[in-house]
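Here is a report for a reader new to this structure. Please look over the sequence and the model, then read on.

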Amino acid sequence: MWDTQEAIVFCLAAGAVVRLIAPLLQHKSTDPAVVVVDEAGKFVVSLCSGHTGGADKLTLLVAQLLGATPVLTGASSSLGLPAVDILGVPFGWQKGVGDWTKVSAIVARQDAVEVIQESGSTLWQQVFKFATSASPQAKVWITHRTPRGDDTLQVCWHPRVLWVGIGCERGTPKETITQAITQVCLANNLAENAIAGIATIDIKADEVGLIELCQERNLPLRTFTAKVLNSISVPNPSPVVAAEVGTPSVAEAAAMSAAQVDSLVVTKQIYKSQGAVTVAIAQAEREYTNRNGKLFLVGTGPGKLDQITPAAQNAISSADVVIGYELYIDLIKPLLQPQQIIEALPITQERQRAERAIELANWGLTVAVVSSGDSGIYGMAGLVMEQLQATGWDGKTPSIQVFPGITALQAAAARVGTPLMHDFCAISLSDLLTPWEAIEKRLTAAAQADFITALYNPKSQTRTQQFATACAIFLKYRNPNTPVAIVRSAYRDNEQIILTTLDKLLDTPVDMLTTVLIGNQSTRTHHNWMITPRGYLGFGDSD
Ligand code: SAH
């Protein structure tokens with residue numbers, strides 16, 4: 001079990017766990033994450049493989065689920081700082097040479113370090129703030145090259161930006177291809193850990209040496225048709241190759257196609273040993289993450305942390321990136337983790353929020369998009385899925401998970417009693433995206449059919465006529481004494497609740513933070529509570 005599991009959670013005394021795992025421990029880069037929960041479920045301890053193995057992250061998640069106290073004893077954890085050895089994980093960066101233990105200790109002491117970034121995303125800068133000075137104690141390289149060794153203490157992250165184009169004779173063994181790549185990288189000062197993948201022509205998709213190499217190194221093999229390769233203008237076209245496979249370049253054109261750029265960092269190099277290999281390397285602008293992106297569409301309920309489901313809380317805490325409207329990001333602050341990238345956007349930019357989330361998920365990140373109430377009820381979830389569909393999404397990548405939340409009508413109802421105990425409907429009075437005629441038709445139908453009706457987005461500063469018309473429609477079909485609840489900012493600090501009747505509704509203050517619940521013909525009030533009978537006490541129970 002030790003070798004096959006990514007993480008193990010023990011519900012045992014820490015001492016017993018230490019004795020159990022002691023003979024199995026090898027190295028923090030390979031050991032599984034070990035987390036210990038005490039029997040009462042009060043504490044969750046990150047015991048082993050805290051950073052790289054993810055035990056710290058798992059500890060925080062388990063603690064949150066149990067309502068327990070997380071115990072993290074790693075140096076950077078105790079300072080609330082993200083650790084330098086997890087900096088590149090979300091982006092699929094590979095670790096290169098360096099003394100990670102020493103540099104981590106320097107960072108944790110908040111001594112100065114110099115960061116030199118030559119490739120890869122800069123999103124990490126939102127999360128990691130290194131102390132700097134004129135005489136840094138260590139260097140952190142973020143590069144696709146092999147940094148020149150000097151006396152400074154240093155570590156190196158390699159973003160996977162290099163696409164290696166390969167052409168080879170049929171039957172060239174894996175070893176020859178490997179040697180060719182190693183030699184070209186060495187000669188050009190490029191890090192093999194920065195290789196994103198291998199690119200070639202489609203007729204080489206079954207080339208055994210290439211397939212074995214990709215399997216061994218867990219690299220993707222991207223293949224392109226002769227027609228696609230033919231359309232790329234390369235530095236070293238070859239008429240011999242053109243006559244053979246129908247394109248004057250395989251290695252150069254494939255590298256450029258895979259990297260989606262129009263230049264090379266290494267032009268065609270020919271390597272001859274057992275078989276012959278040509279190698280060319282192109283550098284992509286964005287690194288390959290080797291991860292399948294995920295989109296969590298999360299409803300955060302009406303406004304208090306304890307009104308968010310544990311599943312939704314977990315989704316928020318475990319995402320790489322959290323995107324949402326500023327106000328909701330504020331609300332969920334206690335759930336956010338030090339290593340998470342947070343993108344709070346103004347309320348008007350829903351579309352941009354959805355596009356950004358899709359872009360990051362397509363790139364391989366796990367992105368939580370948060371919306372108040374239920375994300376799929378006049379929320380962001382619908383917008384994200386609509387946009388995914390419009391861009392030809394295959395239904396799987398990125399994967400989608402929707403986390404339901406308590407919607408405004410439920411929250412408002414709960415604050416005044418049980419007004420929704422019979423058939424009900426929700427109608428948004430916002431005609432920004434829906435034609436007013438359609439809204440008016442639904443209002444009339446709901447009023448006529450005696451649905452209890454929740455009005456969302458009832459009135460804004462500029463949009464007031466719609467609410468007046470809605471009141472008039474309901475007064476036409478319902479008793480003027482029909483109870484109405486006006487709930488503003490339910491479950492938030494400045495919550496306001498007014499119980500009134502239909503004939504006085506128009507004179508009651510209502511705005512965009514308000515949900516209006518109009519009762520049906522049986523709804524009644526009782527000591528400031530609103531009750532819609534279900535009929536348990538017999539038909540004709542209305543007064
Ligand atoms: N996705 C949200 C609705 C967004 S539409 C949900 O499921 O609740 C915005 C409207 O929701 C507001 O105009 C208001 O009518 C209602 N609303 C949202 N939160 C509310 C709250 N805490 N109290 C009262 N109404 C709320």
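Two strands pair if DSSP finds at least two bridges between them. Strands (E, at least two residues) and helices (H or I, at least four) are DSSP runs, numbered from the N terminus. This is a predicted model: local features need pLDDT of at least 70, side-chain atom pairs count only at pLDDT 80 or more, and totals for chains, interfaces and linings use all residues. Residues are numbered from 1 along each chain as its sequence is written, and side-chain values use heavy atoms, with hydrogens and water left out.

**The five-stranded sheet**

Five strands form an open sheet with parallel pairing, in the order S16-S15-S17-S14-S18. Strand S16 (341-345) and strand S18 (399-403) stand at the edges, each with a single partner strand, so one side of each has no neighbour in the sheet. Neighbouring strands are turned by 15 degrees against each other on average, direction ignored. Axes here are lines fitted to C-alpha atoms, for helices over the stretch in contact, and angles run from 0 to 180 degrees between N-to-C directions.

Strand S14 (residues 294-299) pairs with S18 in the parallel sense, over five bridges. Val-298 has Phe-403 of S18 as its bridge partner.

Two helices lie across this sheet, in contact with its strands (heavy atoms within 4.5 Å). Helix H10 (residues 310-318) lies across S14, strand S15 (321-325), strand S17 (366-371) and S18, at about 135 degrees to S14. H12 lies across S14, S15, S16 and S17, at about 170 degrees to S15.

**The four-stranded sheet**

Another open sheet has four strands in the order S5-S8-S7-S6, with mixed pairing. Strand S5 (94-98) and strand S6 (113-117) are its edge strands, and each pairs on one side only. Strand S7 (residues 138-142) and strand S8 (residues 153-158) run parallel, joined by five bridges. Trp-141 has Cys-156 of S8 as its bridge partner. Helix H4 (residues 100-108) packs on the sheet and touches S5, S6, S7 and S8. The direction of H4 makes about 100 degrees with that of S8.

**The cores**

A nonpolar core is a set of buried Ala, Val, Leu, Ile, Met, Phe, Trp, Tyr and Cys residues joined through side-chain atoms within 4.5 Å. Buried means under 20% relative accessible area, exposed over 50%, and partly exposed in between (1.4 Å probe, protein chains only).

The largest nonpolar core has 38 residues. Leu-87, Phe-91 and Trp-124 are among those with the most contacts inside it. Helix H12 (residues 350-362) gives the largest share of this core, five residues. Leaving aside neighbours within four places in sequence, Leu-87 is in contact with residues including Trp-93, Phe-128 and Ile-142. A second, separate core has 24 residues, among them Val-164 and Leu-210.

**Salt bridges**

A salt bridge is a side-chain nitrogen of Lys or Arg within 4 Å of a carboxyl oxygen of Asp or Glu. The structure holds 19 of them.

| Pair | N to O distance |
|---|---|
| Glu-192 and Arg-217 | 2.7 Å |
| Asp-320 and Arg-291 | 3.1 Å |
| Lys-333 and Asp-330 | 3.1 Å |

Is Asp-320 buried or exposed? Asp-320 is buried, with a relative accessible area of 9%. Arg-291 is partly exposed at 31%.

Arg-170, Lys-204, Asp-206 and Glu-207 are linked in a network of salt bridges.
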